[in-house]
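Here is a brief report on a sheet and on aromatic contacts. Please read it alongside the model.

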Amino acid sequence: MENLSFQYIQTNGITLHTAVAGPEDGPLVVLLHGFPEFWFGWKNQIEPLTELGYRVAVPDQRGYNLSDKPQDIGSYTLDLLRDDIVGLIGHFGKTSATVIGHDWGGAVAWHLAATKPAYVDKLIVVNIPHPKAMPRVMKRNPLQWARSSYIAFFQLPDLPEKMLAADYFKTMVGSLVSTSMPDTFSDEELAAYREAWDQPGALTAMLNWYRAIRHGNVLQVPAQKIGLPVRIIWGVGDQFLSTELAKESLDFCEDGELVLVGEATHWVHHEQAHILNMLIKQFLNEEKAAAL
C-alpha cells in the first residue's frame, strides 16, 4: 500500500496507533477492526477507498497491537470505545465520518451511530449485529447460544489467556484458519497477527472487550431506530453469528439495507474483498448522488 503512514493519536485519555492514507482534504472514513485483528485486517479496503478520494484512518483499537492497553475490564465498555472514535474523528479536523466496522469494531460503530449520530455520515457494518439484536435472537434461537459459547469461556480469569497464548497462539491461528474459507490467511499474514497478539498486555486487553459485557454494554445502546443510512454486509457462512441476527438488526434502522455475500464467512473482508469493496463504493456513491 503506497502512501500509508502511521500516527500515534491522543484521544479520550489514551493513545491509538493508527494507519492513515489518502488525501488530507478528503472526506474521512474510519475503519474499525474486531477480535482478534488489528488495523491490518482492513488492508484490502484501504487503497480502494483512497482511490475514491477518501482520507482513511484505521486505528488499532484500544487494547490491540500498538495502541494503549488499560488492564482493567471497566476500560472496555462501549461508551469508552465509542468516545475513542469521537476523539479520533476530531483529530483529523472533521466533525463526522463514514464509519465501517467488522465484528467488535462494528459494535462500536453501531453504538456511535445510535448515541452520537452527528459524528456519523454513513454506517457500514460487516458481520456484526446491532447490540440489541443479539439478546432478542438468543431468546428464541438456542443454536445462537451454542455459537456464542466462547463468550462465556472468555469471562474466566487467566485461563483463556493461557490457553490462547500456548504454543505461540496455536489455538488462535487455528480458529482463524478453521472458520474461514481455504487459503484465506497466508503464513505471512498469520505471522503478523501473532506479532500483534504478542504485544505486552495485548491478549488480556483484547479479552476484556468481552469481559466488559458484564458492565452493561448492551444496556448502553439505545433501542430506538438509527436515522442515518446503514448498510449491513454479511458473509452467510459465519460460524459465530447467524444471518437471523443480520435480519433482526434491520429493525433498528430507519434507512437500512442488508446484503448477503455467498462463498464467505465471518471473514468476508478477507475472502471476498473485491465484492465488499464494490458494495462499499456503491453505497458511498448512492449517498453522494442523493445529496446532489
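## The sheet

Eight strands form an open sheet of mixed pairing, in the order 1-2-4-3-5-6-7-8. Strands are DSSP E runs of at least two residues, and helices are H or I runs of at least four, both numbered from the N terminus. Two strands pair if DSSP finds at least two bridges between them. Strand 1 (5–11) and strand 8 (256–261) are the edges, each pairing on one side only.

Strand 5 (residues 97–102) and strand 6 (residues 120–126) run parallel, joined by five bridges. V99 stands opposite L123 in strand 6.

## Basis of the model

This is a predicted model: local features need pLDDT of at least 70, side-chain atom pairs count only at pLDDT 80 or more, and totals for chains, interfaces and linings use all residues. Residues are numbered from 1 along each chain as its sequence is written, and side-chain values use heavy atoms, leaving out hydrogens and water.

## Aromatic pairs

The whole structure holds 21 aromatic pairs. Rings of Phe, Tyr and Trp (its six-membered ring) pair if their centres lie within 6.5 Å; planes under 30 degrees apart count as stacked, over 60 as edge-to-face and the rest as tilted. The W39 and F40 ring centres are 5.8 Å apart with planes at 90 degrees, so the pair is edge-to-face. Both W39 and F40 are buried (under 20% relative accessible area; exposed is over 50%, partly exposed in between; 1.4 Å probe, protein chains only).

Y150 and F240 have ring centres 5.7 Å apart and planes at 70 degrees, so this pair is edge-to-face. F240 is buried, at 17%. Y150, at 23% relative accessibility, counts as partly exposed.
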